[in-house]
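Hi everyone, thanks for making time today.

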Amino acid sequence: MNLILLGAPGGGKGTQAKLLVEKYNIPQISTGDLLRAAVAAGSALGKQAKAAMDAGQLVSDELVLGLIKERLAQDDARGGFILDGFPRNTAQAEELDKLLTEIDAPLSRVVLVDVDFDVLVKRVVGRRTCKACGDIYNIYFKPPAKADVCDKCQGELAHRADDNEETIKSRLGVYEEQTAPLIDYYQDKGLLKTIDGLGEIDDIFARMVAAVS
Ligand SMILES: [Zn+2]
């Protein structure tokens, strides 16, 4: 089961990936983690990556694909994998296809976890955190019984400055710009399934399992 999950930030894709890892016993492979690990280990690719980052350059697609190839050769990836953070554009998607064909591990499914942008904005903008116990509320979806007061400990609820509408809308804009072409790309290949990302985690996961089965 070789998977890619697509979905907006804050849309629950990470939670679903973790559940897939548990159910199917396949690794989630994050290119960010791969890069950090390679740099820390000082491998040949890691040294190249470090040189690029130290010079303030982007790490090349070729190098990232090299890391993915190394990672997919490990035993735990034999039964499948979930790729996280790659590809981010269609050029990368094409290169990834070539690699996966070469190692005979073509994608079995690309799943888009779809959540309305309006909901994603409210999830962020409405978030309130208890200053005392850290409990999390949302003024739209999980309001405290009394405004700005924690139900559990009566502590004061605070709104983080970076949980603002401008920041989340800008992140969603970047996501849409990057992901829309990928959605088309995988749709054309017949690999894309879209699932509704709203509701209880278990219900969403049932949709996920149906989509990848
Ligand atoms: Zn509290």
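I'll begin with the overall picture, then turn to the metal site and a few backbone details.

Please keep in mind that this is a predicted model. The protein chain holds 8 helices and 8 strands. Its C-alpha trace spans about 60 × 40 × 30 Å along the principal axes. The chain has 213 residues, and 41% of them count as buried.

Now to the metal. Which residues coordinate the zinc ion? They are Cys130, Cys133, Cys150 and Cys153, each through its SG atom, at 2.3 Å. Along the chain these donors follow the spacing C-x2-C-x16-C-x2-C. And why do we call the arrangement tetrahedral? Because the angles that the 4 donor atoms subtend around the zinc ion run from 99 to 116°, and the tetrahedral label asks for all angles to lie between 85 and 135 degrees.

Let's look at two of those cysteines. Cys130 is buried, at a relative accessible area of 4%, whereas Cys133 is partly exposed, at 42%.

Next, the backbone. As a reminder, most peptide bonds are trans, and most residues other than glycine have a negative phi. Here are some places to look at with that in mind.

You'll find Pro87 in the loop between strand S3 (81-84) and helix H5 (90-102).

Another is Asn25, which is not a glycine and yet has a positive phi of about 55°. Asn25 sits in the loop that runs between helix H1 (13-24) and strand S2 (28-30). Is Asn25 buried or exposed? With a relative accessible area of 68%, Asn25 is exposed.

Then there is Asp104, also not a glycine, with a positive phi near 55°. Its loop lies between H5 and strand S4 (109-114). Asp104 counts as exposed because its relative accessibility is 66%, and the cut-off for that word is over 50%.

Notes: Residues numbered from 1 in each chain as written. Predicted model: local features only at pLDDT ≥ 70, side-chain atom pairs only at ≥ 80, totals over all residues. Heavy atoms only, no water. Helix = DSSP H or I, 4+ residues; strand = E, 2+ residues; numbered from the N terminus. Buried < 20%, exposed > 50% of the residue type's maximum accessible area, 1.4 Å probe, protein only. Donors = N, O, S within 2.8 Å, 3.2 Å for Na, K, Ca; no water. Tetrahedral: all angles 85-135°; square planar, octahedral: opposite > 155°, others 65-115°.
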